[in-house]
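Hello,

Here is the structure for your files. My notes follow below it.

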Amino acid sequence: MITLEGLVDFHCHLDLYPDHRAAVQEADAAGVFTLAVTTTPRAWPRNHEFARATRHVRAALGLHPQLVGEHASELALWDAHLAETRYIGEVGLDAGPRFYKSFDLQKQVFEHILRRCAEAGNKVISVHSVRTAKAVLDHIEAYLPPGQGKIVLHWFTGTKAEAKRAIEMGCYFSVNAAMFNSERHISMVSALPLERLLTETDGPFTQTGGRPSKPSDVLVVVEAIGRLHGLSSLEVIANIKANLRGLLEFT
Ligand code: MN
């Protein structure tokens, strides 16, 4: 019997479920450590308010690269809230065809965010890197000196060589079930050190059993990692828990 207590969903959009408050309460009641990422700074106050009343849910202050084209003006608001949280996300870069036109602006915003995080120190940052692993790593290397903050690459789909570079830079990886649908991604995930892995759903953008994933569905990811490394689910859960503890240790 596996207890869900101690599962980790390090990237979930709880504010995009039909009932935000209920989604937060359900994650908390299940004992799943859930990082509730946000996509615009305007969403921060409500996420912060709901998360701070829980034991297991933490809110992250974000400005999603896919929204930078229309919401870059909210960067001042992002700055204004920065001191209220240790957790940042979702931030990063997206070079997919629909967002490429804002790519220069995305780079400016991501540089700004990393610089502010480096100045503030001790932030934990959930980073989106669709079709742009190299540029994301270049930005981190340039603007977030080692020891000035910690990066968790969310749904990373770069090459093995790019993953190796990220590992050398100290990055963690939050892995979701959808990544196990591709042989290339499985091969990359299997090359990641177990001690740098976290689990995520990216709900509600992924599905589990035909409905939007919820935080406790990271159990599916735990099982997939277990198959990859020949470990039981309990062993994987213990590892992920230890990784989270290591990540959150003050630097
Ligand atoms: Mn996301």
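**Sheet, metal site and salt bridges**

Leu35 has Arg58 in β3 as its bridge partner. This is a predicted model. Strand β2 (residues 33-36) pairs with β3 in the parallel sense, over three bridges.

Both strands belong to an open sheet of three, ordered β1-β2-β3 with parallel pairing. β1 (8-12) and β3 (57-59) are the edges; each has a single partner strand, so one side of each lacks a neighbour in the sheet. On average, neighbouring strands are turned by 15° against each other, direction ignored. Helix α2 (residues 44-52) lies across β2 and β3 and runs at about 155° to β3.

Next, the metal. The manganese ion has four protein donors listed here: His11 (NE2), His13 (NE2), Glu90 (OE) and Asp202 (OD), at 2.3 to 2.4 Å. Their sequence spacing is H-x1-H-x76-E-x111-D. His11 and His13 are both buried.

Now the salt bridges. The whole structure holds ten. Among them is Lys214 with Glu26, at 3.0 Å from N to O. This pair links distant parts of the chain, 188 residues apart: Lys214 sits in the loop between β10 (211-212) and α9 (218-229), Glu26 in helix α1 (residues 20-29). Lys214 is partly exposed at 29% relative accessibility, and Glu26 is partly exposed at 43%.

Glu119 and Arg116 also form a salt bridge, with closest N and O atoms 3.1 Å apart. They are three residues apart in helix α5 (residues 103-120), so about one helical turn separates them.

Lys164 and Glu168 meet at 3.2 Å, N to O, in another salt bridge. Salt bridges with shared partners also join Lys134, Asp138, Glu141 and Arg165 into one network.

Best wishes

How values were computed:
Residues numbered from 1 in each chain as written. Predicted model: local features only at pLDDT ≥ 70, side-chain atom pairs only at ≥ 80, totals over all residues. Heavy atoms only, no water. Donors = N, O, S within 2.8 Å, 3.2 Å for Na, K, Ca; no water. Buried < 20%, exposed > 50% of the residue type's maximum accessible area, 1.4 Å probe, protein only. Pairing = 2+ DSSP bridges. Helix = DSSP H or I, 4+ residues; strand = E, 2+ residues; numbered from the N terminus. Axes fitted to C-alpha atoms, helices over the stretch in contact; angles between N-to-C directions. Contact = heavy atoms within 4.5 Å. Salt bridge = Lys/Arg side-chain N within 4 Å of Asp/Glu carboxyl O.
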